[in-house]
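These are my notebook entries on one chain. I record below what I looked up, entry by entry.

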Amino acid sequence: GDGKKKGNQRLRQPPTAPAGRRRLQRTIVPGLHRLCTSTRQEFVIMHSPSKRLITSMSKRLAVSNLQGWADLPDDLLHSIVALLGSSLDLLAFAATCRPWRAAFFSHPSKSTLCFSCPPVLIRQNPIQPPSNGHAKPQRFNLVDPSNTGTNYRCQIREEILQKFYFAGSSYGQLIFFRHRCCLVVDAFSGAEVSPPCLPELNHNVFESYYCSTLTAPLASPNSRLLASTKSSLFDWPVGSDSWSELKLSNVQVRQIVELNGQFIAMDDHMKIYTLQLAPQLGLQDLPIEWCGGKIPSMDSKPFLVVCRDMLLMVCYSLVSLFRGSSFCTLHRLDMSTNPAKWVEMKKLDNWALFVAADIRTPPFSCVNPERWGGRSNCLYYTHHSEPWGVRWLGNEPDLLKDPSASRDLVFGRNMWRYPQSLWVYPSMFYSDRK
């Protein structure tokens, strides 16, 4: 963040990030005193009289003699992390001080945080009419589904939003292109990475990027940035000086996901491929059969989403525009057979899914959403007039028939030039750095 270069990779940290962090700290730190107190009590209540109980009671007594919050023991801090069901609260926890940040990164279940709390919504403010002949700048706020009263300003530079085209998001980063130029921006801090320019494109200046994603967090040694166009798949090993190109024939890669260490791609005809990164980029067709239920069409805007060790395809169908009747079908990929099979699912049990209006943004899954006030077997989707709408998944009836649903919002996905409202987790959730 000090302006140093790594190859063609230029880093830039905006000066406004610390102020945003201080706002987060002011929100959560006062509440942590009460949380720490209740946590110490839970240590006594939850464990039976044993050596474990004696240990926790001893630590509770030791805490009272500590000089400051920074001296709290790691196991107590870990228990606080486990009780926080909000991405913004976790972000503020780690930003409080170095010992707390270290405790966050050493939490034994840190790798599952992206499944246990909801993603944050980056929401575009309603567009204001021009003032004095000048268009007002775009503004994006961070909204937490577990606490809708929170509202923080996004730190992305206005110049990026005006001059670059949105192309996707991945690992807490937003990806932008302007013809051959690329920019990767941290959605929370605003930190920027500038990859080298893409090879000369043999298309018009307004080349469409159908899919852009990282294969790992930016700081990971094997991280790559992949970008799909009409006839190519480009690959940039992060920190290197150039891109490699895989020419495609009648294939437009629309989505790339990682499942148990294997990368899987889907094209614009719902065909599934395995993606090979080394020793060179390659796509291998994965034969799949449909088992049970009606085969969905591309009109249903299918998308892939990973639920831990499951890969799902979700399709949305509007039955009646007049009545607002619709449903979301679910299929799970069973790779234990040859060929693999898409198996229809009736419901998703204790999972909730999050999807944005732009097809190039990754969907997310969250287990036990009731923990933070959400609902299982539901799809949370962004909408231009409301922060989000909610739909049942599988064969459940519409939420329109549910008394708790205020009104029906039409769910649709497309590619947009500028960022729309989208779901994202902080990049810190994926990092191993302390």
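**Entry 1: a loop residue.** I began with Asp 309, which lies in the loop between strand S19 (303–307) and strand S20 (310–320). The model I am reading is a predicted one. Is Asp 309 buried or exposed? I found a relative accessible area of 58% for Asp 309, and because exposed means over 50%, Asp 309 is exposed.

I then looked up which residues Asp 309 touches beyond its neighbours within four places in sequence, and I noted Leu 259 and Asn 260. Leu 259 is 50 residues apart from Asp 309 along the chain, yet the C-alpha atoms of the two are separated by 6.7 Å.

**Entry 2: the chain as a whole.** I next turned to the totals. The chain has 434 residues, and buried residues make up 51% of them. Its secondary structure comes to 7 helices and 27 strands. I also looked up the contacts with a separation of 6 or more: residues 24 or more positions apart account for 57% of these.

**Entry 3: the nonpolar cores.** Which residues have the most contacts inside the largest nonpolar core? I noted Phe 104, Phe 176 and Phe 429, in a core of 53 residues. Helix H4 (residues 87–95) supplies the largest share of this core, with 5 residues. Domain 1 (74–113) and domain 2 (155–286) each give this core at least three residues.

I followed Phe 176 further. With its neighbours within four places in sequence left aside, Phe 176 is in contact with a list of residues that includes Ile 160, Leu 161, Phe 164, Tyr 165 and Phe 166. Also on that list are Cys 181, Cys 182, Leu 183, Val 185 and Pro 419.

**Entry 4: a pair of helices.** Two packed helices are described by the angle between their axes and the distance between the axes. I noted that the crossing of H3 and H5 is right-handed.

Which residues of H3 and H5 meet? On the H3 side I listed Asp 74, Leu 77 and His 78, which meet Pro 99, Trp 100 and Ala 103 in H5.

Conventions: Residues numbered from 1 in each chain as written. Predicted model: local features only at pLDDT ≥ 70, side-chain atom pairs only at ≥ 80, totals over all residues. Heavy atoms only, no water. Core = buried A, V, L, I, M, F, W, Y, C linked by side-chain atoms within 4.5 Å. Buried < 20%, exposed > 50% of the residue type's maximum accessible area, 1.4 Å probe, protein only. Helix = DSSP H or I, 4+ residues; strand = E, 2+ residues; numbered from the N terminus. Domains from an automatic or database assignment. Contact = heavy atoms within 4.5 Å. Left-handed = near helix turned anticlockwise from the far one by under 90°.
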